[in-house]
Structures are given as structure tokens and as C-alpha cells.
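Okay, everyone, have a look at the screen.

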Amino acid sequence: MSPTPTHLLSPADQERRRALRRMKGVALGALLFMAALFAVSFAFQQEVPALAYLRAAGEGGMVGALADWFAVTALFRHPLGIPIPHTAIIPSRKDEIGRTLGEFVETEFLRGDVVRTKLVETPIAARLGEWLSAPAHAERVAAEASVMASSVLQALSDDDVRDVIEELAREHLIAPEWGPPLGEWLQRIVDAGAHRGAVDLAADSVATWLAANHRAFTGLVSRRLPSWVPSVAHRFVDDTVYNEAVKFVGAVQRDPRHPARLAIDGYLERLAANLQHDPATIGRFEDAKLAVFDSPRVRDLAAEAWATAKAGLLRSLADSDSGLRRRAVEALVEIGQRLTTDAALQRRVDTWVTDTAVFLVDRYRHDIASIITDTVERWDPAETTEKIELMVGRDLQYIRLNGTIVGALAGVAIFTVAHALLG
């Protein structure tokens, strides 16, 4: 297994690799020291009997160092490249390790009672409220939400949205009959006398126009008289028509029971009844509606509505000073302040968050844990082994160093006890 080139490692992994190499050098140096100590003391122990203790220390130190070297190396690869059983544990059992880790996380961490206990102890709503109460944080949330909303809007297909709007308009606006509900609505207006205000407004508007446009009646009727009629008669006829119009409108304004008002009432009552019960009137009204909202026009209306709404939303979302963004920030700050001060709201939010989290964990904890299993299965065995070795290998080299020291001490202790008992 060739190591990953240094330039492909992150700065943190490069530093871990250097630390690992230093500790490997230290552990190897301890082994070589024990070997040299054993060789020197073995060679001269006949001349200097006390060197037998150093020989025992060197002997035990080499055994401990080699044993721990074998154990540490066997985790990551075959020692000396020899495929000894139960070695190269991490690369050969990578998938099993991933499954075991996933099961451990699922059974020990992704449990409803564990999640609930943790969340109950955490004042989620209060902390969120304190964070949102700061205008800078609210602006940040609004900005991030605006970016997400803009991305969604730009990702939507204009044709698809136009088709949806057209379908909704056809289903809820064009397909239903307008006559009966409109007739019922008009009947209620007439029964309540609400239309009389509109009649008063119309009469007042006509009276105001007549008062300001007397000259508009000049020749209105007289131009149709024979040419031999004197001009004085022409002016008399036009003035008479104007005065009668003014009198008529004034009478309508003053008399709530004027025949014109009663005629309007009767017409609206008949229209309301016909719109509800007369098939011919209903049919003509529906034909007129379809003529206004024919298919091409509806499609153009849907496209124009979507284009206008989309362009306006994108502009408002992109502009930090737009009314939409400002109102969003104000709303977020207000929500944060309420979450900070309203204890009842805090309890509701905390309960909702806790119940939702527990439900999701109980329902999907296996799927969540499978992320670990699936991710580990996709890892390359060699790269996985190197990553793990870089993470924990430096600490494992201390095992080799400790094994050397403990082996040396054990060798001296065993030799001393044996020499004392057996001579």
C-alpha cells in the first residue's frame, strides 16, 4: 500500500504524518538501543557478571518492542508483507467496522429517550430568541433565506409554472359557473339596500358633470331640426333639454322613491333572480365569461402574471433595502423577542422541536445510521487505513515505546527473581 502523496493531504494530515514519522523513529530507536544493549552485555557478561542484568533488560525490551510493533502494525497492514491470519485488520474488515459503528450510533445515540433527555435540558426557544433578537442575526437569516428563495425561483421552469397557473385558473376561475353565486351575491346587496349608495354616487357625478358642461348640450338636439327653424328655437330646444336633464337628476337625488331609482331596484332584482334561476341568462353570462377568458388569453395572462411576480420577487429578494427584506428582518426580530420573553411560547416551541426530533429519530434512525455504513463502504481500503493511521498512529507508537520499557523492566525482574531462587 503506497502512501498518499504529501501534496494531496490537507495541512492537518501533513502535520499528523510528520508527527507519526517522528514517533516511529523514537520507537525504532528504543528497539535498536535494546538490541545494542543486549549485544554488548551478552558479549561481556562473562568478564562482568553484572552485565547479565542488562542483558535481561535488553532481551525483555526487544521482545516487548517486537511484540507491540507486530500488534500495532497488524491493525493497518500485514507485518513485513506476510499475510498472517488476523493481520491488516482495518483494510480487511473496513465494511464490518463501518456496520458496527453504524449499529453503535443507532442503538446508543439515535434513541428517542436519549434525544428527548438532551433536548428537554436545552432551552432551545430561549437561545434561538436571543440570537434572533439581534438585528444583525435577523438580517443574516433574511439574507440566507432570500438567496435560497431566489435559487428556487430561478430553478423553476417558467413553462411549468405557467401551465400550473393556467390549470388553476381554469379549474377554479373558469370552470365553475359564475351566474348563480354572482346572482346570490347581487341579491344580498339589493336586499340590504347597499346598491343605493352607488346610485347616489352616480346621480351626484352626473349632476356635477351637468353643472360643468352646459355647453356640451349646444346643438345636441337642435342640429337635427329642419334648417328653416329659427336659431332662437335651436337655443330654446337645447336649453330645454339641458334644464330637463338637470331637473331629472336633481329629482333623482332628492327623492329616495323616484321612479328611476325604483326601476334600477327592479332591474337589479330581476337580474339577480335570472342569474340564479334562468338557464338562458346563466348561459349568456357563461358565454360572455368564456369569450373574455378564452384559452390563448388565459395562457397569456398566466405567463404575464408569473413573469411579473417572479421579476418583482427577485428584485425584492436581491435588494437588502427592499420592503420585503425589511419586513422579513422586522418579523424575525419580533419573533426573537417573543421567544425570549413569552414563556408560554417557549414551552410550545420547545415541545414541538423535541417531539419532532424524537419522531424523526425513532422513524428514521436506521436510515440516518446507514449513512455511516454506506459511507465507510464507499471508502477505498488503502485510503481509509492511511487516514485512520494518521489520526491515531502517533498514539499507537507510544504503545511500542511503552512495550519496550515494560519489556525491559519485566526482563530484569524475571531474571532477578530466577537468579535469587535458582542461583
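The UniProt record, an unreviewed entry, annotates residues 25–44 and 401–422 as "transmembrane region"; positions follow the numbering used here, feature names are shortened, and such annotations may be inferred rather than shown by experiment. Bear in mind that this is a predicted model, where local features need pLDDT of at least 70, side-chain atom pairs count only at pLDDT 80 or more, and totals for chains, interfaces and linings use all residues. Residues are numbered from 1 along each chain as its sequence is written, and side-chain values use heavy atoms, with hydrogens and water left out.

So what do those spans look like? Residues 25–44 are 100% helix and 0% strand, with end C-alpha atoms 28 Å apart. Residues 401–422 are also 100% helix and 0% strand, and there the ends are 31 Å apart. Helices here are DSSP runs (H or I, at least four residues; strands are E, at least two), numbered from the N terminus.

Now, packing. Helix H1 (residues 11–44) and helix H17 (residues 381–422) cross at roughly 20°, and their axes come within 9 Å. Axes are lines fitted to C-alpha atoms, for helices over the stretch in contact, and angles run from 0 to 180 degrees between N-to-C directions. H1 and H17 are therefore roughly parallel (under 35 degrees; over 145 is roughly antiparallel, 65 to 115 roughly perpendicular, the rest oblique).

Then there's helix H5 (residues 112–120) with helix H16 (residues 343–378): about 160°, axes 9 Å apart. That makes H5 roughly antiparallel to H16.
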